[in-house]
Every structure is written in C-alpha cells, then in structure tokens.
Amino acid sequence: MDSVKTKHLVSHEWERAHVLREFRAGRVPREEICDADFLLRAAAQYHGTPAPRSCPVCKGEMKQTFWVYGQALGRRAGSARSVAEIAELAGEIIPSGQEFTVHKVEVCPHCRWNHLLETAIAC
C-alpha cells in the first residue's frame, strides 16, 4: 500500500505465529482458526490481491484484503477496498484533517484461514 501514507503501523505477525504454534501443537482446533465468513471470503475474492505466502494451514493460495474503518468514512466504514480505492479515500478525507484506519487481512478461500496482519492510520 505504498501509494497511501500511513502512521502508527501495528504488526500482528507475532500473534499470527502464536496462533499457528498453538494449532500445530493441537491446542487449538482447526475450526477455531479457519472461520472466515462469507463476507470476508467474498471480499478477498473481489477486492483481494495475491498474498506473498501460501496458507499456513492447507498450503493453498491466499489473498490479502484491505478493510477501512473510521467515522470520517461514513457509510464506507467497515468495507473492503482496493489499494486504489484507499488512495482515493485518503485524497478525499485527509485534506479535511480527518483520518481513518486500514486493516490488512490474509484470507484463504480454500480452508477459510484468516488473520489480521497489520493495522495503520491513513494520514
């Protein structure tokens, strides 16, 4: 998402690694981590981009999807957006002194694995 300036980037990679360690050790059932709902899978299919790594559960191809949140977005808050759409939103919202949050999520359409990878504030 190089076309949008962000701040306060928070990585959730450590939590992802922890969840996967617990799953591989048999302490977390597959149903608990492979729970992407229809909306998340549809967003990944239509708005997602190919992820740089394969699914840690089934080794299938994953998608990365960006979701936007914030009062400044109005009815657009809580929706999946392409990087180009996020850049357009930033061009519209940021000049008014407001901000919004972008969440990057990885989704496997095959086994339904999903995890929040990072959050950042568009500025």
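Visitor: Is aspartate 35 buried, partly exposed or exposed?
Guide: Keep in mind that this model is predicted. Aspartate 35 has a relative accessible area of 40%. Buried means under 20% and exposed means over 50%, so with its 40% aspartate 35 counts as partly exposed.

Visitor: Where is aspartate 35 found?
Guide: Let's look at the helices around this residue. One is α2, covering 30-33, and another is α3, covering 38-47. Aspartate 35 is found in the loop between α2 and α3.

Visitor: Which residues form a negative surface patch?
Guide: Aspartate 35 is one of them. Asp and Glu count as negative, and a patch takes residues with over 30% relative accessible area and no salt bridge. The negative surface patch is formed by Glu31, Glu32, Asp35 and Asp37.

Visitor: Leaving aside neighbours within four places in sequence, which residues is aspartate 35 in contact with?
Guide: Contact means heavy atoms within 4.5 Å. With neighbours within four places in sequence left aside, aspartate 35 is in contact with Arg112 and Asn114.

Visitor: How many Å apart in space are aspartate 35 and histidine 115, C-alpha to C-alpha?
Guide: Along the sequence, aspartate 35 and histidine 115 are 80 residues apart. In space, C-alpha to C-alpha, the separation is 9.9 Å.

Visitor: Is valine 107 buried or exposed?
Guide: Valine 107 is found in strand β5, residues 100-107. Beyond its neighbours within four places in sequence, its contacts include Leu40, Met62 and Trp113. Its relative accessibility is 0%, so valine 107 counts as buried.

Methods
Residues numbered from 1 in each chain as written. Predicted model: local features only at pLDDT ≥ 70, side-chain atom pairs only at ≥ 80, totals over all residues. Heavy atoms only, no water. Patch = residues over 30% accessible without salt bridge, like charges linked within 9 Å, V, L, I, M, F, W, Y side chains within 5 Å. Areas by Shrake-Rupley, 256 points an atom, 1.4 Å probe, with all protein chains shown as cover. Salt bridge = Lys/Arg side-chain N within 4 Å of Asp/Glu carboxyl O. Charge placed at Lys NZ, Arg CZ, Asp CG, Glu CD. Helix = DSSP H or I, 4+ residues; strand = E, 2+ residues; numbered from the N terminus. Buried < 20%, exposed > 50% of the residue type's maximum accessible area, 1.4 Å probe, protein only.
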